[in-house]
Amino acid sequence: MNENTVGEKLVQAIKDPSNIESQESLAKAMELTKAYASSGSTTHFSTVTKLFFDLFEMFETGKDPRSK
């Protein structure tokens, strides 16, 4: 799965919450990202958005996004 496909799945999950295909990945990524952002460990907002996308990708594909 390439990055465009993951991005498209993310957009679909956000636009259509009734489509449960990617909702679990979205919920898990959101929860972990919220925990990270509230921890005070982040120094720039772009790290939070990157982390969210990487977590969503990991939950969707089952692969470590750092291995790209």
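Analyst: The count comes to five salt bridges. A salt bridge here is a side-chain nitrogen of Lys or Arg within 4 Å of a carboxyl oxygen of Asp or Glu. This is a predicted model: local features need pLDDT of at least 70, side-chain atom pairs pLDDT 80 or more, while totals for chains, interfaces and linings use all residues. Residues are numbered from 1 along each chain as its sequence is written, and side-chain values use heavy atoms, without hydrogens and water.

User: What makes Glu60 and Lys9 a salt bridge?

Analyst: Their N to O distance is 3.3 Å, and the rule asks for within 4 Å. Glu60 lies in helix α3 (residues 45–61) and Lys9 in helix α1 (residues 3–15), so the pair ties together parts 51 residues apart in sequence. Helices are DSSP runs (H or I, at least four residues), numbered from the N terminus. Lys9 and Glu60 also belong to a salt-bridge network with Glu21.

User: Why is Lys9 called buried?

Analyst: Its relative accessibility is 16%. Buried means under 20% relative accessible area, exposed over 50%, partly exposed in between (1.4 Å probe, protein chains only). Therefore Lys9 counts as buried. Glu60, at 18%, is buried too.

User: Why do Arg66 and Asp64 get their accessibility labels?

Analyst: Arg66 has 72% relative accessibility, so Arg66 counts as exposed. Asp64 has 33%, so Asp64 is partly exposed. Their side chains meet in a salt bridge at 2.8 Å, N to O.

User: What separates Lys50 and Asp54?

Analyst: Lys50 and Asp54 are four residues apart in helix α3, which means about one helical turn. Their salt bridge spans 3.0 Å, N to O.

How values were computed. Helices (H or I, at least four residues) and strands (E, at least two) are DSSP runs, numbered from the N terminus.
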